[in-house]
Amino acid sequence: FWLGIFYGLAVITRPTAILLILLPLFWQTRSLKQAKEKVIFIFKNQYTHLLLLFTGFMLLAFWQMLYWKYATGSWISYTYQNPGEGFELFWPYTLKFLFSFRKGWLIYTPVMVFALAGIFTLKNNRRDLFLPILIFSVAYIWLMSSWSCWWYAASLSQRSLIQGYPVFAIALGSFLLYIQNKKIKIPALILIFLFSAVNLFYTWQYRKGILHHSRMNTAYYCEVLGKTKKPEGAEQLLLLDRGKDPRLIIKEQNLSGPLPLVFYDFENAPAEGRDSSAAFSGKFAVKLDSSRQFSPKYNISYRDLTKEDYAVIKVSAMVYPTDSISDRNLLIACMFKHKGAAYKYRTTEEHSTDKPFKPGEWQKMEYYYLTPHVRRKGNELETYIWLRKDIPVYIDDFKVEFFESGKDED
């Protein structure tokens, strides 16, 4: 019962703590055969204990579910509604998660090397704890490193692993016991002390703004290594600042382009809404009105777009409003899609000044869009023009181009 209460508290605090159930499930098993027998025994014979576990768990979880029901109308609420992020269990980022200079756990919390080594010393010190802690550690690191935003935004080292630290502390203690009568005792203790001191120094650098919270990479790490002040010009070495205006990125990063992707003049290819009443070039344009709010869409996968780490998309078109219309009501939209759901959805409205387009004249509209960290290389860019008001507008010479980057190395 009490195990269920503590387990429920852990899970409602951070749902990935659900893996903690692996510890009592395999506790004091010395082999995979014994672990299998224990699991079968529990589910076949320990109904009372399972019921008490579930009751304790729900005693805590119910209040969270009740709040969800009150706030959202649903008993279960999944708050991570960004399709651009999620678990990629079959394509984890484990090496980057552990060793990358961007946020590698063993780079910024190096003392945990001894905790991982300590897992294997349990075979000698406490064999009954070796298997449950090994299974939990592998599963936990695998799960945490499977999140597509594996650097977990603004933080130092890997904050997602903190709930596993009590378990890793047992392994670290086992390592200390293992070296008690070994020749490596003194060198190992010196390294543990140094690694702990390094971690504290990283923490100090982070608080002083010397280590960046999300844009670290190898070049910048080497530049600020051991420094108590940020070297002048060092920020130029950081990973790309994706919050900048894409037009500034083109200039500052000296991107090559624009390179053509597609050009729709609506002359030869059939297009829904093609109309000959007005055209900027040739004989046809596409007419948008209350019955047709969207221009023909253009889609391309990131894999086919570029092999680099990012690109800037330029979308432009000639537009002919038949009446006055604000730039908030005639928009270029860009987004990426994962399994049909949009992420990093942006439109020209973010730069709107409420300036009206001139009626009865052809004029150009354009938009620059920085590609996001795509969840998968097969995710598609989608772009189109969106009319949000009941005023006929003609669209012609719809063009999509891109500026290609160099590598934005971690």
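## Where α7 meets α8

In this predicted model, Leu116, Ile119, Phe120, Leu122, Lys123 and Asn125 of α7 touch Arg127, Leu129, Phe130, Ile133, Leu134, Ser137 and Ile141 of α8. Contact here means heavy atoms within 4.5 Å. Helix α7 covers residues 112–125, and its axis comes within 7 Å of the α8 axis, crossing at roughly 160°. Axes are lines fitted to C-alpha atoms, for helices over the stretch in contact, with angles from 0 to 180 degrees between N-to-C directions. The two helices are therefore roughly antiparallel to each other. For angle names, under 35 degrees is roughly parallel, over 145 roughly antiparallel, 65 to 115 roughly perpendicular, and the rest oblique.

The α7/α8 crossing is left-handed, a label used if the near helix is turned anticlockwise from the far one by less than a right angle (right-handed if clockwise). As for the elements themselves, helices (H or I, at least four residues) and strands (E, at least two) are DSSP runs, numbered from the N terminus.

## Bringing in α9

Helix α9 (residues 165–178) has an axis that comes within 11 Å of the α8 axis, and the two cross at roughly 135°. That makes α8 oblique to α9. On the α8 side the contact uses Leu129, Ile133, Phe136, Ser137 and Ile141, and on the α9 side Val167, Phe168 and Ile170. This crossing is left-handed.

The axes of α7 and α9 come within 6 Å and cross at roughly 65°, so α7 counts as roughly perpendicular to α9. Residues in contact include Met112, Phe114 and Ala115 from α7, with Tyr165, Phe168 and Ala171 among those from α9. The α7/α9 crossing is left-handed too.

## Rings and charges

Searching the whole structure turns up 30 aromatic pairs. One is Phe136 with Tyr140, a stacked pair at 5.0 Å centre to centre with 20° between the planes. The rule: rings of Phe, Tyr and Trp (its six-membered ring) pair if their centres lie within 6.5 Å, with planes under 30 degrees apart counted as stacked, over 60 as edge-to-face and the rest as tilted. Phe136 and Tyr140 sit 4 residues apart in α8 (residues 127–144), about one turn of the helix. Both are buried, with buried meaning under 20% relative accessible area, exposed over 50% and partly exposed in between (1.4 Å probe, protein chains only). Elsewhere, ring pairs tie Phe101, Tyr108, Tyr202 and Tyr221 into a cluster.

The charged end of Lys297 sits over the ring of Phe294, 5.7 Å from its centre, and Lys344 lies over the face of Tyr369 at 5.0 Å from the ring centre. To count, NZ of Lys or CZ of Arg must be within 6 Å of the ring centre and within 35 degrees of the ring normal.

## Two residues up close

Asp397 is in strand β12 (residues 393–404) and counts as buried because its relative accessibility is 13%. Leaving aside neighbours within four places in sequence, Asp397 has contacts including Phe263, Tyr264, Asp265 and Met318.

Leu191 belongs to helix α10 (residues 185–207) and, at 37% relative accessibility, counts as partly exposed. Leu191 and Val111 are 80 residues apart along the chain, with their C-alpha atoms separated by 8.2 Å.

## Ground rules

Residues are numbered from 1 along each chain as its sequence is written, and side-chain values use heavy atoms, leaving out hydrogens and water. As this is a predicted model, local features need pLDDT of at least 70 and side-chain atom pairs count only at pLDDT 80 or more, while totals for chains, interfaces and linings use all residues.
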